[in-house]
Amino acid sequence: MKKLAWLIGLAGMLGSAGYLFTYLVRWQWNRALFSGFALLAVIVVMGFAWVVQRLDRIEQSLAGSRERSGPSGMDAAFLADLQQTRPRRDHFAWLREQHEQMNVFITVLLGGGAVVSAVAWVVGRVAESTTTPSAEEALAERMGPLAYPDGGLLPGEQPVPDDASSLLRGRPTGVARR
């Protein structure tokens with residue numbers, strides 16, 4: 001069954017690679033993209049299947065070595081040595097008061113983030129409330145001198161203005177002044 005799955009995957013890979021090459025030769029880009037994605041998907045699936053197969057082999061070999069070494073899977077003397085040399089952890093050492101350390105970094109960091117977020121929210125609300133249509137019109141009037149000249153940038157040409165210049169002149173896009 002595994003060999004059949006590998007053969008189907010290989011056939012899918014060869015087929016999608018063949019179609020990818022064919023569509024590239026024929027300059028059919030959308031079909032080539034689809035075939036390339038199909039090829040990529042088959043490669044990823046086959047790679048994942050290979051990794052899972054290798055992990056299964058490793059797990060089986062470890063299970064076999066556990067059966068040979070005894071019920072615990074480890075030599076008793078080796079286990080005793082490990083237990084004696086294991087460092088003892090104090091999981092709540094950070095709660096004890098220490099005079100050489102200041103244990104407030106996370107609290108200050110979180111508090112500072114909350115304050116910066118609050119200030120940014122206030123600045124956003126103030127900016128939102130101070131922008132009005134009349135302020136935008138005043139800005140457009142002040143920006144009028146920066147508009148493109150009516151005759152275009154080169155002498156003798158009458159280019160169609162883009163959206164920005166037509167907005168600054170106050171007329172719709174594509175309408176030339178005569």
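Is tyrosine 23 buried or exposed, and what is its relative accessible area? In the predicted model examined here, tyrosine 23 is buried, with a relative accessible area of 14%. The value falls in the buried class because that class covers residues under 20% relative accessible area.

The overall architecture is considered next. The secondary structure of the protein chain consists of six helices and zero strands, and the pattern read along the sequence is α-α-α-α-α-α. The protein chain has 178 residues, of which 9% count as buried. Its accessible surface amounts to about 15500 Å², and carbon and sulfur atoms account for 67% of that surface. Among contacts between residues at least 6 apart in sequence, 27% join residues at least 24 apart.

Helix α1 comprises residues 2–25. At 1.5 Å a residue, its 24 residues should span 34 Å, and the end C-alpha atoms are 35 Å apart, which agrees with that expectation. The buried residues of α1 are Gly9, Ser16, Leu20 and Tyr23. Serine 35 is itself buried, at a relative accessible area of 6%.

Aromatic rings were also examined. A pair of aromatic rings is described by the distance of the centres and the angle of the planes. The count comes to two aromatic pairs. In one of them, the rings of tyrosine 19 and tyrosine 23 have centres 5.7 Å apart and planes at 25°, so the pair is stacked; the angle meets the criterion because planes under 30 degrees apart count as stacked. Tyrosine 19 and tyrosine 23 are four residues apart in helix α1, a separation of about one helical turn. An α-helix has 3.6 residues a turn, so residues three or four places apart point the same way. The rings of tryptophan 27 and tryptophan 29 have centres 5.4 Å apart and planes at 75°, so this pair is edge-to-face. The assignment follows because planes over 60 degrees apart count as edge-to-face.

Tryptophan 27 has a further feature, in its backbone. The residue is placed in the loop between α1 and α2, and it takes a positive phi of about 60° although it is not a glycine. Most residues other than glycine have a negative phi. Tryptophan 27 counts as exposed, at 63% relative accessibility, whereas tryptophan 29 counts as partly exposed, at 47%.

Further along helix α2 lies alanine 49, which is partly exposed, with a relative accessible area of 33%. A nonpolar patch on the surface is formed by Trp50, Val51, Leu55, Ile58 and Leu62, with about 490 Å² of accessible area together. One of these residues, leucine 55, lies in helix α2 and is exposed, with a relative accessible area of 52%.

Charged side chains were considered last. Side chains of opposite charge can pair when their charged atoms come close. A search of the whole structure finds one salt bridge, in which the side chains of glutamate 128 and arginine 125 meet at 3.5 Å, N to O. Glutamate 128 counts as exposed, at 54% relative accessibility, while arginine 125 is partly exposed, with a relative accessible area of 42%.

Terms used
Residues are numbered from 1 along each chain as its sequence is written. This is a predicted model: local features need pLDDT of at least 70, side-chain atom pairs count only at pLDDT 80 or more; totals for chains, interfaces and linings use all residues. Side-chain values use heavy atoms; hydrogens and water are left out. A salt bridge is a side-chain nitrogen of Lys or Arg within 4 Å of a carboxyl oxygen of Asp or Glu. Buried means under 20% relative accessible area, exposed over 50%, partly exposed in between (1.4 Å probe, protein chains only). Helices (H or I, at least four residues) and strands (E, at least two) are DSSP runs, numbered from the N terminus. The expected span of a helix is 1.5 Å times one less than its number of residues. Patches are made of residues with over 30% relative accessible area and no salt bridge: like charges are joined within 9 Å, nonpolar side chains (Val, Leu, Ile, Met, Phe, Trp, Tyr) within 5 Å. Accessible areas come from the Shrake-Rupley method with a 1.4 Å probe; for residues, only the protein chains shown count as cover. Contact means heavy atoms within 4.5 Å. Rings of Phe, Tyr and Trp (its six-membered ring) pair if their centres lie within 6.5 Å; planes under 30 degrees apart count as stacked, over 60 as edge-to-face and the rest as tilted.
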